[in-house]
Amino acid sequence: MAYQTINPYTNKLVKTYPDATTEEVETAISTGNALYNKWRAESVNSRAATLHKIADLLRENEDELARIATTDMGKLYAESKDEVELSASIADYYADHGSEMLKPTPISSRNTGDAEIFHQSTGVLMLVEPWNFPYYQIMRVFAPNFMVGNPMLLKHASNTPGSAAAFEKIVRDAGAPDGSLTNLFVSYDQVASIIADSRVQGVALTGSKRGGQSVAEIAGKNLKKNSMELGGSDAFIVLSDADIDTAVDLAWRVRIYNAGQVCTSAKRFIVADNLYDEFLKKLKANFEKLVPGDPMDPKTTIAPMNSKRAKEKLQGQIDKAVTGGAKIYYGNEPIDLPGQFLQPTILTDIDKDNPEFYDEMFGPVAQVFKVSSDEEAIELANDSELGLGGIVVSEDVQHGKHIAEQIETGMVFVNSFLVSLPELPFGGVKGSGYGREMSQLGLTAFTNDKLIVTAQAPDWNNSAGGLAVFKKD
Ligand code: NAP
């Protein structure tokens with residue numbers, strides 16, 4: 001498997017990285033396992049200063065790290081810088097709060113003595129991460145598990161090896177012990193044998209349904225805990241009482257950010273019939289203003305897609321949707337630049353029998369649907385094999401919240417960007433996977449939530465018989 005940076009703006013091969021050898025994989029696992037045993041004897045808080053240092057180094061090296069990410073996968077330089085800052089803020093959050101959040105949880109029980117759940121480390125984890133946020137995706141799992149005391153192995157996407165190596169270097173430069181995070185340029189088969197290794201206790205994957213199914217199958221066969229953060233085809237519901245300008249201001253931004261390559265990008269715009277025509281007109285006006293170009297240039301507002309393969313896949317989906325009856329309201333014209341640009345495109349008239357109706361379009365393509373009631377909007381939003389996020393826009397926040405409660409996804413935001421922050425749980429249901437990253441839920445995704453009951457030894461001589469384990473009411 002070739003781990004390569006091919007700059008998607010210039011199409012030039014920047015660097016090829018050597019594949020990991022079997023010996024390197026073995027060393028990484030045994031170093032991680034030794035660190036797990038060392039960390040078990042240390043307090044959670046003993047790792048906080050190093051995690052803060054990682055955050056400091058991310059910020060100090062922001063420009064260079066942003067340049068590496070943009071060269072790897074093409075996103076706007078300003079977006080790469082934002083990602084570095086977000087990653088640093090996640091590290092700071094778990095450094096500040098991880099120890100408190102991992103304190104034992106007392107349980108009120110009829111058992112004699114005190115019952116508590118201890119949240120302890122379990123061992124080495126395998127992280128399989130995608131290219132679309134090449135630092136933040138790692139940090140979502142790294143920061144919580146570094147505090148927990150689970151050492152990690154990283155298999156990053158084959159097109160973002162520069163970012164993978166840069167992240168590993170930051171961790172090392174911050175003084176984290178060897179094995180804290182080891183980046184490996186491994187093949188799928190090597191990932192499978194790592195998951196099967198008895199020293200490895202879990203796997204966290206963010207990526208496509210295809211990748212998730214393969215890795216979850218291997219994890220299941222080996223009875224390894226796993227979390228799956230997969231794709232989304234999020235609905236953006238514009239209710240009949242929405243302010244049209246608020247709706248459109250949110251809509252074009254959430255569809256275009258990161259060249260539309262975000263799992264929680266709004267992909268299906270479900271608009272009340274009284275606002276439909278105006279919504280389309282204003283969405284188009286915003287798409288028309290976007291300026292393709294060098295992602296390092298601050299004047300550029302729409303970046304190339306991450307790779308030739310990704311662009312060709314999306315173009316194929318547009319073509320298939322159109323053959324199946326969809327109409328192009330705007331876009332789908334070639335862009336006269338060498339990079340992997342796809343003109344922002346608006347599709348309408350996508351019926352349920354369109355071959356693309358249930359597919360995730362991972363790029364700058366908005367599918368717009370017209371509905372005549374809240375019920376129809378909810379039904380259409382839930383008519384999806386995926387269930388990651390969603391946005392509802394309404395002038396009446398209670399109305400928006402009421403609709404949000406009926407959407408079958410892991411996250412819904414009313415009148416707001418779907419933001420990802422360390423205190424908020426991130427994840428989905430249905431084909432979008434299972435488990436949550438970040439928040440208390442993500443922090444304990446790979447802990448041993450161990451019950452310890454501490455009681456005085458029973459006084460058998462005075463016991464009335466039987467097992468004297470229950471407290472009297
Ligand atoms: P992908 O092909 O599944 O790749 C993601 C990662 O999984 C890469 O590191 C990839 O390695 C690896 N991988 C894939 N198949 C594997 C296998 N059989 N064994 C071991 N590793 C394997 O995903 P993508 O298409 O690049 O990423 C986009 C998808 O990710 C979209 O569907 C998007 O919605 C989803 N996503 C979800 C979230 C979330 O939090 N829910 C966040 C971001 C993206 P290679 O690069 O070497 O193939």
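Which element gives the largest share of the shell around the ligand? In this predicted model, that element is α8, with four residues. Helix α8 spans 209-221, and the other elements that give two or more residues to the shell are α5 (136-148) and α7 (188-196).

The shell holds 29 residues, of which Trp131, Tyr188, Ser208, Leu230 and Glu360 come nearest to the ligand. By residue type, the shell divides into 12 nonpolar, 11 polar and six charged residues. Domain 1 (3-230 + 432-452) and domain 2 (234-414) both give residues to this shell, so the ligand lies between the two domains.

| Residue | Protein atom | Ligand atom | Distance |
|---|---|---|---|
| Lys155 | polar side-chain atom | oxygen | 2.9 Å |
| Gly207 | backbone N or O atom | oxygen | 3.2 Å |
| Leu230 | polar backbone atom | nitrogen | 2.7 Å |

Taken alone, the ligand exposes 910 Å², and the protein buries 93% of that area.

A further part of the structure is strand β10. This strand covers residues 234-238, and five of its five residues are buried, so β10 is largely enclosed by the rest of the structure. Asp234, Phe236 and Val238 point one way from the strand, while Ala235 and Ile237 point the other way. Residues on both sides of β10 are buried.

Which strand is joined to β10, and by how many bridges? The partner is β11 (residues 266-272), which runs parallel to β10 and is joined to it by five bridges.

Terms used. Residues numbered from 1 in each chain as written. Predicted model: local features only at pLDDT ≥ 70, side-chain atom pairs only at ≥ 80, totals over all residues. Heavy atoms only, no water. Near = heavy atom within 4 Å. Polar contact = N/O pair within 3.5 Å; in protein donor to acceptor, adjacent residues only side chain to side chain. Areas by Shrake-Rupley, 256 points an atom, 1.4 Å probe, with all protein chains shown as cover. Nonpolar A, V, L, I, M, F, W, Y, C, P; charged D, E, K, R; others polar. Domains from an automatic or database assignment. Buried < 20%, exposed > 50% of the residue type's maximum accessible area, 1.4 Å probe, protein only. Pairing = 2+ DSSP bridges.
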